[in-house]
Amino acid sequence: MRGADVELSGISVSFDGTTVLDHVSLSVTTGEVVALLGPSGGGKSTLLRVVAGIIAPDSGIVRIDGVDVTRTPTHRRGIGMVFQDNQLFPHRSTLDNVAFGLKMARVGRTERQRQAGDWLARVGLDGMGSRKVTELSGGEAKRVALARTLVNEPRLVLLDEPLTGLDLKLHNKLVDELTDLLRATGATALLVTHDVDEAAAIADRTVRLDEIQNAR
Amino acid sequence: MNRLPGGLVGALVIVPVAGLAILYAWPFATLVIEAVDKESIRSVLGRSRTWSIVWFTTWQAVVSTLLTVIVGLVPAWVIARFDFAGRRILLGLLTALFVLPTVVMGAAILALLPDTLDRTVWAVLGAHVVFNLAVTVRAVGTVWEHLPADMEDAAATLGAAPLVVFREITLPLIRPAVAAAAAIIFLFTFTSFGVIRVLGAPGTRTIEVEVWRRATQLGQVDQAAVLALLQLIILGFLAIWSARLARRHSRALELRPLARPQKPRTRRDKTVVSIITGSTALVAIAPLTALVIKSLSTPSGWSVTAWTDLGSTEIRPGITLGLNPLDALANSLQTTAWATLFATGVGALASLGIAAARRAGRALDAGLLLPIGTSAVTIGFGMLITFDTAPYDWRSEWWIVPAGHALVAVPFVVRSTLGVLRSVDPQLSLAAATLGAAPTRAWREVVVPHLWRPLAVGAAFAAAISLGEFGATSFLSRSGGETLPIAIEQLLARTGSLLQAKGYALATILAAATVTLVIVIDRTGDLAGHSKARSGTLDERHADARR
């Protein structure tokens with residue numbers, strides 16, 4: 001699979017009069033994994049949400065593969081996103097969480113259960129499909145969140161501080177796993193983090209938010 | 001060793017226990033005995049009219065509940081997700097509507113609707129929806145607020161369109177709250193009495209209204225008793241069923257910290273929020289405004305006659321109405337004063353007793369809740385047929401109506417105070433003991449002083465309940481002793497624009513008084529702190545405050 005081309009130009013967002021993003025521009029080429037660094041509360045997550053279509057920018061354009069998607073609703077952007085606190089659906093089993101995107105894509109029941117099961121195995125959770133997500137450990141939940149996002153084979157993966165809040169050993173293990181998974185899928189990825197080492201380990205390129213602001 | 005003497009605890013609970021036994025248990029037993037009569041049961045159950053009333057009661061309650069839940073989800077969403085100017089006011093407005101006396105709500109809808117829609121099932125459904133909107137908005141909104149917006153966004157990134165997100169993610173997660181709201185609304189609308197008395201027509205009678213009609217208008221006491229019991233049985237089954245359902249579907253939604261409501265940012269959000277807020281506010285304000293307007297309008301234009309001549313009973317020269325609105329106002333104030341005094345006194349004793357008596361206290365606590373589980377009509381009816389023979393012919397005693405009101409109000413006083421008393425650290429009493437205070441003394445110095453502030457809240461509750469009480473009063477009030485709700489219903493049932501205008505004027509007064517009391521409760525409750533001291537949320541306490 002070929003990853004998407006992403007181009008952000010002049011993205012500005014303000015909340016209640018406070019400017020959070022000021023003319024941010026950034027290009028990410030096919031298959032590239034870019035880490036976005038910056039202090040917490042600096043607007044990195046907001047930028048990711050603009051790309052996802054969760055937050056509408058006050059001005060600026062988001063292009064995916066050359067198509068202006070600034071006004072396209074989230075569910076039609078063909079992106080995947082991993083949230084900091086996973087946001088697993090508590091009322092669905094582990095397998096159904098992973099299969100959710102396939103269900104939305106109208107993949108048949110048997111097929112989506114097979115694919116979701118495969119992905120669970122791929123992230124090391126073979127046979128745990130019937131578990132309640134509320135009973136998973138922190139590392140397991142993170143892996144389910146990754147599998148849920150990647151099973152749909154999104155061409156652009158957005159990762160919002162995906163490895164924050166894990167203990168060091170688990171963190172380092174997941175850094176490796178995440179790096180491998182992203183390489184294997186060939187997707188373009190935009191990773192938000194405040195951890196320089198994590199960024200260096202996972203990403204092909206690191207940009208700091210203040211470098212790409214105000215580039216009028 | 002350090003416990004209160006049993007005699008003191010016994011002295012505290014004797015009055016509440018006796019009151020419960022005499023005013024609730026006895027009439028209830030009389031009612032059951034009256035109803036258990038083969039002939040009456042056969043005659044009531046064998047009549048098709050009975051079943052058409054049961055059918056109407058059920059379907060109007062189902063439709064009212066569905067409509068209220070569906071309509072209420074919209075403002076619930078806006079309040080849960082957005083932070084906007086007037087958010088608290090909107091919530092307060094809906095709550096104010098919810099605590100209005102049933103007769104006032106009926107009057108407000110009557111005032112609002114054109115004559116062609118008055119006294120139709122549509123008017124009844126409309127009143128039920130407006131009345132109970134706050135239940136959906138508050139119960140569902142609170143849970144929705146805790147559901148992270150990110151979770152819905154996560155579903156969107158996985159390809160779910162907004163409606164699919166609602167169906168697949170949001171709805172399953174808020175379902176327990178929706179079900180809880182639906183159960184409360186169903187209970188209220190199934191036992192709807194005041195609204196139907198004002199807005200109903202012969203074809204739109206609930207079981208409650210039919211009980212009242214048979215007992216007081218047709219003199220068929222035995223049949224009314226059968227109907228009252230039938231309703232209790234239906235409600236009992238429904239309660240068991242809904243509790244089972246709730247248990248099976250209960251899902252511990254990990255309540256995370258608030259997903260803080262956001263200020264609407266985009267133009268689209270702003271438009272959506274203002275349209276929904278505006279129309280909700282309109283739904284809330286329009287009926288109340290209509291009350292005031294109708295009290296000031298006559299066929300020949302605006303006039304304040306209804307207000308200035310409130311005390312005159314003359315309809316036309318020489319013909320007088322057997323009802324003086326100003327007397328009704330005075331009666332209501334008097335009744336409310338006594339009911340509040342009874343309820344506050346008995347409630348305070350009960351609270352202190354329950355808090356001190358531990359296990360036995362719990363039984364009394366549960367027992368005191370029974371009157372709110374029983375419909376007001378059933379209570380009034382039971383008292384009517386019990387206290388009618390010497391030496392217990394108390395129906396014409398001045399205290400019987402306030403006592404009936406107090407019966408319904410005591411649980412609210414107990415709810416308001418018990419939590420505070422229970423949250424008093426037992427170590428404090430022990431500390432007092434080490435300083436030389438005997439158990440009774442320690443209790444008086446350490447526990448009792450915490451009673452006063454929550455007791456004031458309880459008293460305001462009792463006053464609000466008594467002011468608006470209609471169901472039990474319909475059975476117990478005597479000619480000349482009409483309270484405001486009774487007078488309002490009677491005035492609105494008459495023809496003649498001045499009489500109607502007076503009915504609306506009285507309804508306006510009652511609405512204003514109730515809303516004022518609720519504001520006092522809210523304020524005092526807030527001042528009393530957000531500690532454990534507040535037993536239950538205000539919603540719970542408001543939930544059954546209107547009878």
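The legends below describe close-up views of a predicted model.

**Figure 1. Confidence across the predicted model.**
The model has an ipTM of 0.94 and a pTM of 0.87. Chain A has a mean pLDDT of 92, and 99% of its residues score at least 70. Within chain A, helix α7 (residues 209-212) has the lowest confidence, with a mean of 89, while α2(A) has the highest, at 96. For chain B the mean pLDDT is 86, and 92% of the residues reach 70 or more.

**Figure 2. The contact between chain A and chain B.**
Chain A gives 21 residues to this contact, and chain B gives 21 residues. On the side of chain A that touches chain B, β6 (79-82) and α2 (94-104) of chain A each supply at least two residues. By class, the residues on this side of chain A are twelve nonpolar, eight polar and one charged.

**Figure 3. The two assigned domains of chain B.**
In the domain assignment of chain B, domain 1 covers 56-206 + 248-294 and domain 2 covers 307-547. The C-alpha centres of domain 1 of chain B and domain 2 of chain B are 27 Å apart. Their contact draws 25 residues from domain 1 of chain B and 26 residues from domain 2 of chain B.

**Figure 4. The side of domain 1 of chain B that touches domain 2 of chain B.**
Helices α4 (87-98), α5 (102-112), α6 (121-146), α9 (194-199) and α12 (267-296) of chain B each supply at least two residues of this side. Its largest share, seven residues, comes from α5(B). Sorted by class, the residues of this side of domain 1 of chain B are 18 nonpolar, four polar and three charged.

**Figure 5. Helices α5 and α21 of chain B.**
The axes of α5(B) and helix α21 (residues 484-493) of chain B come within 9 Å and cross at roughly 30°. The two helices, α5(B) and α21(B), are therefore roughly parallel to each other, and their crossing is left-handed. From α5(B), the residues in the contact are Val103(B), Ala107(B) and Leu110(B). They meet Pro485(B), Ile488(B), Glu489(B) and Leu492(B) in α21(B). The contact of α5(B) with α21(B) has six nonpolar residues, no polar ones and one charged residue.

**Figure 6. Helices α10 and α15 of chain B.**
Helix α10 (residues 207-217) and helix α15 (residues 376-386) of chain B have axes that come within 10 Å and cross at roughly 20°. This angle makes α10(B) roughly parallel to α15(B). The crossing of α10(B) past α15(B) is left-handed. In α10(B), the contact involves Glu208(B), Val211(B), Trp212(B) and Ala215(B); in α15(B), it involves Val377(B), Phe381(B) and Leu384(B). By class, the contact of α10(B) with α15(B) has six nonpolar, no polar and one charged residues.

**Figure 7. Helices α15 and α16 of chain B.**
The axes of α15(B) and α16(B) come within 11 Å and cross at roughly 140°. The helices α15(B) and α16(B) are therefore oblique to each other, and the crossing is right-handed. Ala376(B), Ile379(B), Gly380(B) and Met383(B) are the contact residues in α15(B). Across from them, α16(B) contributes Gly404(B), Leu407(B) and Val408(B). The contact of α15(B) with α16(B) comprises five nonpolar, two polar and no charged residues.

**Figure 8. A cis peptide bond in a loop of chain B.**
Ala390(B) and Pro391(B) are joined by a cis peptide bond, with omega about 5°. Pro391(B) sits in the loop between α15 and α16 (400-423) of chain B. Most peptide bonds are trans.

**Figure 9. A positive phi in a loop of chain A.**
Asp16(A) lies in the loop between β1 (6-15) and β2 (18-28) of chain A. Its phi is near 55°, a positive value in a residue other than glycine. Most residues other than glycine have a negative phi.

Definitions and conventions
Residues numbered from 1 in each chain as written. Chains lettered and ligands numbered in written order. Predicted model: local features only at pLDDT ≥ 70, side-chain atom pairs only at ≥ 80, totals over all residues. Domains from an automatic or database assignment. Contact = placed C-beta atoms within 7 Å. Helix = DSSP H or I, 4+ residues; strand = E, 2+ residues; numbered from the N terminus. Nonpolar A, V, L, I, M, F, W, Y, C, P; charged D, E, K, R; others polar. pLDDT = per-residue confidence, 0-100. Axes fitted to C-alpha atoms, helices over the stretch in contact; angles between N-to-C directions. Parallel < 35°, antiparallel > 145°, perpendicular 65-115°, else oblique. Left-handed = near helix turned anticlockwise from the far one by under 90°.
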